[in-house]
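Dear colleague,

Please find below the structure that I am handing over to you.

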Amino acid sequence: MADPGNDELNRLIVAWRAGDHRAELYLALRDPMRQAARRGIRRTLGQEPDEGDVDDVVLLAFRALIERTEPPRSPVGLACLIAERRGIDKARALIRERQKVVRHHAELTPLEHDPEDEIAAARRDRMYQYAVQCMETLTGPQREAIEATVQRQESLSDWTAGRGTSYEAGRRMVVRALMTLNRCVQRKIDDESKEERDGRDQ
Amino acid sequence: MDEINEDRVADIVEQQLRFLRGEGPAPALDTVAESERIDVAAILDLVDALAASSPPSPPLEEDRVAASLGLLPPKRQQTEDAKVDPVMTSARELSHRLGRMLAVEEPIAKLEGQFDDAQPVAVCRSLVEVVLVVVHESSDDLETTSLARRLFETRPEFSAIAFSSVDATRATVVTYGRSIDHLVPATGWASPGELEWEPLGIALGRHFERAMPRWDEIAALPPGDLLDDLALEARGVVNDELARVRKTRPQLSHKQQARDFVAGTDADAFLSWIDSIRSGRASGEDVVTQASVLCRSGSS
């Protein structure tokens with residue numbers, strides 16, 4: 001997926017209201033929104049989210065994003081923030097439903113937020129994009145370890161048991177893979193900052 | 001970076017992963033040396049950025065959100081293939097909703113036998129269920145159950161048959177039990193009951209959700225408490241029964257002897273038999289043997 005900048009995304013949001021380029025905007029935002037929704041549900045519920053619930057959250061969050069009249073500083077950041085909060089709402093609703101507190105199961109977390117949260121969410125998405133590019137620097141088993149334990153959020157003990165390796169070996173592999181990834185991601189972030197500085201100087 | 005204590009980072013990463021799974025608090029970086037803190041924080045940010053990024057988004061044409069937002073192109077013309085599309089879409093949507101617990105397989109070959117009015121579309125498999133989805137345009141319950149019965153006779157490998165209209169808006173799932181006559185003790189044999197007709201996604205979803213094991217709910221049960229209750233209840237029943245036996249006034253001497261023997265037996269002996277059966281340490285026959293031994297030793 002191409003990675004449009006903030007201005008381009010804000011243009012797409014305006015275009016959406018006029019009925020244009022609708023699929024483009026959705027395609028640019030759906031991956032980070034799904035990830036944020038899943039993160040919000042998982043962290044609150046403490047179990048793997050149902051993909052149907054993720055769909056519901058993304059739909060609500062996407063509608064909330066395009067209904068906002070004020071252009072966000074970072075559309076991706078705001079989209080992720082809304083999706084994560086709606087994910088938390090969904091998880092709380094599920095918990096209340098289980099506890100049969102049905103009357104209160106549609107309470108919503110207010111959307112007011114610190115602008116820094118929006119920037120942090122956008123930074124996290126940028127880091128994710130770089131990390132995906134840097135996955136190539138890992139060995140096959142290291143990549144497998146990160147995909148399972150971090151991206152799919154399997155527990156380390158389940159993953160090592162399924163793979164037939166010791167817990168300690170799996171734990172070391174995850175940490176070394178993360179260190180390698182971090183070095184690569186930091187290099188990319190440094191390069192980006194340097195380019196920005198050079199651009200401003202010219 | 002290479003000087004970082006790998007073990008300590010591993011502990012912190014593990015704690016962060018547990019935190020992201022909702023299984024514990026976020027790690028504190030107080031224990032990390034000042035010189036390492038920036039690198040460790042960057043690794044935790046990386047973990048946070050990568051977490052929950054899998055599974056990948058579904059293809060756009062199967063994306064439920066895109067469909068709800070009206071982003072999918074208009075339906076193809078009503079060709080023979082397109083006729084079964086809503087049914088397959090419903091089945092795939094359900095599969096997507098239930099995660100990896102349900103597999104939808106492509107249309108199977110035509111059914112052998114006289115099933116011209118039932119077009120097989122898909123087979124949905126879960127851990128314990130194999131459901132054949134057929135397109136069948138009929139709203140008659142008796143006709144549908146009769147067709148299900150004939151299908152079960154020729155294809156016994158299916159645990160249920162889902163009958164759906166072409167547009168998947170009217171469907172029902174029939175298990176073998178619901179396709180045959182059943183015995184009502186008060187009135188005798190009764191024909192299969194009324195079927196519930198609803199959209200395919202709901203009918204099929206309810207069927208699979210009922211059949212899927214709820215491991216998380218079972219794991220959350222408090223086994224200790226339940227067993228304590230059982231032990232208490234068993235003691236109550238045994239005491240009541242012993243009191244009832246003590247009150248009896250049999251006339252025949254061998255019955256008086258039996259009454260005296262039972263009334264004089266310690267309640268704990270009965271409770272130990274109950275406990276050994278409950279825990280699987282003894283079978284019913286074993287308990288009968290133990291009771292016989294006790295009787296013999298009591299009468300000798």
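**Salt bridges in the predicted model**

B:Arg155 has a relative accessible area of 25% and is therefore partly exposed. Please bear in mind that the model is a predicted one. The partner of B:Arg155 is B:Glu157, and the closest N and O atoms of this salt bridge are 2.8 Å apart. B:Glu157 is partly exposed as well, its relative accessible area being 43%.

A further pair in chain B consists of B:Arg206 and B:Glu196, whose side chains form a salt bridge at 3.8 Å, N to O. B:Arg206 belongs to helix H7 (residues 200-211) of chain B, while B:Glu196 is found in the loop between strand E7 (188-190) and H7, so the pair ties together parts that are 10 residues apart in sequence. B:Arg206 is partly exposed at 30% relative accessibility, and B:Glu196 is partly exposed at 47%.

Some salt bridges share partners: in this way A:Arg34, A:Arg38, A:Glu51, A:Asp53, A:Asp55, A:Asp56, A:Lys90 and B:Arg64 are joined into one network.

In chain A, a salt bridge also links the side chains of A:Arg152 and A:Glu154, with an N to O distance of 3.2 Å. Are these two residues buried, partly exposed or exposed? A:Arg152 is partly exposed, because its relative accessibility is 34%. A:Glu154, at 26% relative accessibility, is likewise partly exposed.

Over all chains, the structure holds 36 salt bridges.

With kind regards

Definitions and conventions:
Residues are numbered from 1 along each chain as its sequence is written. Chains are lettered from A and ligands numbered from 1 in the order in which they are written. This is a predicted model: local features need pLDDT of at least 70, side-chain atom pairs count only at pLDDT 80 or more; totals for chains, interfaces and linings use all residues. Side-chain values use heavy atoms; hydrogens and water are left out. A salt bridge is a side-chain nitrogen of Lys or Arg within 4 Å of a carboxyl oxygen of Asp or Glu. Buried means under 20% relative accessible area, exposed over 50%, partly exposed in between (1.4 Å probe, protein chains only). Helices (H or I, at least four residues) and strands (E, at least two) are DSSP runs, numbered from the N terminus.
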